[in-house]
Amino acid sequence: MILIDKMCYRSGLRYMNAEVKFAYTVVTLLICIVSRSLIAAGIVLLANGILTVKRGGIPFALYVKYMLIPLAFLLMSTLALIVNISREPLDAYAILIGSWYLTSSKVSLWFALRQIGSGFASVSCLYFLALNTTMTDILGTLKKIHCPQLLLELMLLIYRFIFVLMDTASAIMTAQRVRLGYEKLRTSLHSFGEMAAALFIRAWKRSNALYDALESRGYDGELRVLEESRAADRKEIAAVIVFEISLIFVIWLAKRIGIE
Amino acid sequence: MMSEIIIEARNVFFTYDGDEKASLQGVNIAIKKGNKVAFMGANGSGKSTFFLCLNGVHKPDAGSIFYRGKPVDYSKAGLKKLRGRVGIVFQDPDNQLFSASVTQEISFGILNMGVPENEAKVEVERVIERMEITPFKDRPTYALSGGQKKQVSIADILVMHPEVIILDEPTGALDPKHTKLVNDWIDRLSSEGITILQATHDIDYACAWADEIVLMKDGKVLKQGTPQEICADKEILALTNLEEPTVYRIYRKLCEKGILKPEGTMPESLQKLIDML
Amino acid sequence: MSKKEKSVLRAVVAFAVLFAFAPVANAMHIMEGYLPVSFCIAWGVVCLPFLAAGMISMKKKLKENQRIITLIAMSGAFVFVISSLKIPSVTGSCSHMTGTGLGAILLGPASVSVLGLIVLLFQAILLAHGGLTTLGANTFSMAVAGPFVTFGIYKLCEKCKVNKKLSVFLAACLGDLFTYCVTSLQLSLAYPSEVGGVAASAVKFLGVFAPTQLPLAVIEGILTVIIVIALETYAQPELKAVGFLKEAK
């Protein structure tokens with residue numbers, strides 16, 4: 001079961017035009033990354049939080065949990081950014097070990113902080129898209145921006161097949177678990193490997209049956225389906241444009257005043 | 001007036017790649033237009049393989065399939081036409097449903113037939129209403145129950161307006177509510193003149209529902225006939241591990257006890273037996 | 001303890017506490033928004049020739065046998081599902097398999113590059129691993145570079161008649177390690193160290209991710225061996241069908 005996927009079908013923003021959501025996500029993402037501004041990060045985090053939790057209806061606790069997913073990567077990378085080994089001490093901190101210093105400059109620390117801020121803000125943009133837009137709608141948007149047909153067809157099929165395989169995998173693992181297949185590390189690895197092999201075999205069989213079914217309905221190499229798209233609401237487009245312009249203005253203003 | 005033969009198989013042989021034994025060994029079957037035909041036989045007897053020959057997915061190694069008197073045209077165009085006329089609802093919906101969106105799933109078949117998008121949209125909505133799919137049409141496929149998936153898989157085929165619908169054990173995995181739903185739909189479709197072929201293990205149902213029963217074993221047709229003919233032939237039933245319909249047994253017992261006078265024909269269904277009493 | 005040392009200690013403790021809240025990390029997806037735009041675009045461009053070659057190769061195979069479209073899609077779904085399942089009784093950061101090494105051995109690097117792109121996109125949207133802007137970089141490290149190395153080592157071992165289990169293990173494990181090295185390099189190129197430039201930065205990133213990535217590579221190797229041997233034992237016809245995808249990379 002993929003919770004994010006489940007949530008997006010229940011989102012209050014599900015039926016908002018997908019292209020508008022996509023455009024908002026991408027533009028806001030780019031602004032965050034290019035400016036690395038902490039003020040922008042704060043504004044974006046707030047905006048996405050309100051949109052996703054209040055308008056979208058995602059439970060706040062769950063949203064926080066999701067926002068923490070990249071934390072491990074972020075922490076590790078930050079560590080790599082703010083620790084240097086040098087003969088000369090730098091101005092933020094310096095710890096002497098033997099004849100070397102563990103040190104970093106204030107500029108670096110500040111840089112790392114901005115990475116963290118913009119990182120979280122960027123992730124919140126990704127979540128805005130993921131938690132409020134169905135994959136089917138995302139594929140529809142990709143089609144409109146001329147993503148190659150082969151990729152689109154594969155994505156459509158893969159998205160459906162993922163759930164079929166997850167059910168099978170889950171059933172096999174449960175059957176193994178009740179026979180103590182996952183008690184210790186060694187047996188766990190073995191059981192998982194056997195499950196994966198069994199899953200692959202069943203996946204292969206199903207793929208054959210699925211092709212028979214597609215052929216039976218006239219499949220000739222092109223996966224034709226109806227595209228459902230809701231017209232974009234003028235107010236929504238205007239709101240997005242106003243937001244992005246305001247964001248850029250705030251960033252410019254902050255830079256002029258001298259705050260980040 | 002004699003009903004025309006809509007589908008005919010003459011001496012069809014078929015072996016899967018890599019298999020040693022033939023899945024179909026000289027199958028001869030003629031199906032009349034508008035008939036309800038039940039296919040019975042053990043798993044592996046060749047029913048599903050035969051069905052896939054009828055819409056050209058499998059091409060026989062020997063023998064031929066005829067549709068409306070003409071041999072199947074295995075060209076791309078010919079097959080497309082045939083598949084618009086002969087539809088198969090697969091046993092496991094998870095082997096048929098390829099899209100996460102119900103609407104996209106159903107639109108596939110009709111768009112393949114070359115119907116323009118705006119017309120297709122109307123047809124899809126019509127079939128969604130007809131099959132009572134509207135309550136769950138915006139939910140992702142994986143979130144549907146087995147019965148709901150079955151509804152969608154039938155709608156998949158119905159939207160193409162076929163002349164023949166083949167259902168491979170449609171109620172095998174369904175709960176009583178959905179079993180009744182599916183059986184009711186099958187009756188409705190039949191009343192519209194659509195030829196229905198159904199694979200089933202339920203002798204009682206087949207006896208009551210079918211105009212003809214085809215018994216298969218090991219890739220051969222043991223017998224094709226009316227329910228009366230088939231169900232009275234205990235030997236042949238035993239060969240396919242089937243028992244007499246329950247209704248027949250009760251009827252015999254009632255005749256033994258003198259409650260009923262034996263007439264020429266056996267009652268096909270429970271209702272007919274009740275009527276006799 | 002001096003004031004400065006105290007504050008450093010406090011920072012370290014805070015770090016450790018924060019880390020306790022960090023949910024399990026697994027393979028090294030670069031998170032959303034972490035790379036500068038120029039690098040996002042650059043890595044995307046680097047991927048393009050490989051993806052194009054992969055798609056051309058797939059289209060050719062499909063022309064010969066349209067039936068494999070569902071098989072290709074199932075393989076993609078398979079890799080996604082395997083990478084999303086937590087392995088019970090394996091703790092911490094190595095509790096997920098990446099599956100791309102297995103994919104390379106079964107399907108060949110051409111197919112895996114295209115399927116890998118799709119799997120990474122889905123991982124970003126459905127599992128929040130990786131990101132849209134970092135899709136190019138992640139695709140290069142996990143769907144192109146790693147699988148290439150895996151496939152290369154596998155074929156090399158085959159030629160040198162190395163024991164099957166050992167060759168699969170080496171191929172999958174070293175492929176994984178290569179992915180981790182490439183990702184570290186990607187990060188260090190974008191963020192060279194103020195002392196020591198790209199080289200020092202690379203060493204730091206390698207060091208910081210080593211505790212999680214090294215055990216992961218070993219486990220990946222072991223699991224891939226188990227799966228490949230099981231398939232060769234029970235699934236000869238299925239492997240033959242899929243092997244069709246491998247020919248003529």
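Guide: Start with a term: two strands pair if DSSP finds at least two bridges between them. Keep in mind that this is a predicted model.

Now the sheet in chain B. Six strands form it, in the order β6-β7-β8-β3-β9-β10. The sheet is open, and its pairing is mixed. β6 and β10 (220-225) of chain B stand at the edges. Each has a single partner strand, so one side of each is left without a neighbour in the sheet. On average, neighbouring strands are turned by 15° against each other, direction ignored.

Look at one pair within the sheet. Strand β3 (residues 36-40) of chain B runs parallel to strand β8 (residues 195-199) of chain B. Four bridges join the two. One place to look is B:Val37, whose bridge partner in β8(B) is B:Leu197. In a regular strand, side chains alternate between the two faces of the sheet.

Helices pack here too. Helix α1 (residues 47-54) of chain B packs on the sheet. α1 of chain B touches β3, β6, β7, β8 and β9 (212-217) of chain B. The direction of this helix makes about 155° with that of β7(B).

Next comes α5(B), which lies across β6 and β7 of chain B. This helix runs at about 170° to β6(B). Helix α5 covers residues 146-158 of chain B, 13 residues in total. At 1.5 Å a residue, α5(B) should span 18 Å. The end C-alpha atoms are 18 Å apart, which agrees.

Is α5(B) mostly covered or mostly open? Mostly covered: twelve of its 13 residues are buried. Buried here means under 20% relative accessible area. Among the buried residues are B:Val152, B:Ile154, B:Ala155, B:Ile157 and B:Leu158. What do the buried residues of α5(B) pack against? They meet β6 (86-89), α3 (102-112), α4 (117-130), β7 (164-168) and α6 (176-191) of chain B.

Stay in chain B for a loop. B:Pro262 lies between α10 (246-256) and α11 (270-276). At 62% relative accessibility, B:Pro262 counts as exposed. B:Pro262 still touches B:Tyr251 and B:Cys255, leaving aside residues up to four places away in sequence. B:Tyr251 is eleven residues from B:Pro262 along the chain, and their C-alpha atoms are separated by 8.5 Å.

Move to chain A for a hairpin. Strand β2 (residues 93-97) and strand β3 (residues 100-104) of chain A run antiparallel, joined by five bridges. A:Ile95 stands opposite A:Leu102 in β3(A). Two residues lie between the strands. A:Gly98, in the turn, has a positive phi of about 65°.

Finish in chain C with two helices. The axes of helix α2 (residues 37-64) and helix α3 (residues 68-84) of chain C come within 9 Å. They cross at roughly 140°. α2(C) and α3(C) are therefore oblique to each other. α2(C) contributes C:Met58, C:Lys61 and C:Leu62 to the contact, and α3(C) brings C:Ile68, C:Ile69 and C:Ile72. By class, that contact has five nonpolar, no polar and one charged residues.

C:Asn65 sits in the loop between α2 and α3 of chain C. With a relative accessible area of 30%, C:Asn65 is partly exposed. C:Ile118 is 53 residues away in sequence from C:Asn65, and 22 Å away in space, C-alpha to C-alpha.

Technical notes. Residues are numbered from 1 along each chain as its sequence is written. Chains are lettered from A and ligands numbered from 1 in the order in which they are written. This is a predicted model: local features need pLDDT of at least 70, side-chain atom pairs count only at pLDDT 80 or more; totals for chains, interfaces and linings use all residues. Side-chain values use heavy atoms; hydrogens and water are left out. Axes are lines fitted to C-alpha atoms, for helices over the stretch in contact, and angles run from 0 to 180 degrees between N-to-C directions. Angles under 35 degrees count as roughly parallel, over 145 as roughly antiparallel, 65 to 115 as roughly perpendicular and the rest as oblique. Contact means heavy atoms within 4.5 Å. Ala, Val, Leu, Ile, Met, Phe, Trp, Tyr, Cys and Pro count as nonpolar, Asp, Glu, Lys and Arg as charged, and the others, Gly among them, as polar. The expected span of a helix is 1.5 Å times one less than its number of residues. Buried means under 20% relative accessible area, exposed over 50%, partly exposed in between (1.4 Å probe, protein chains only).
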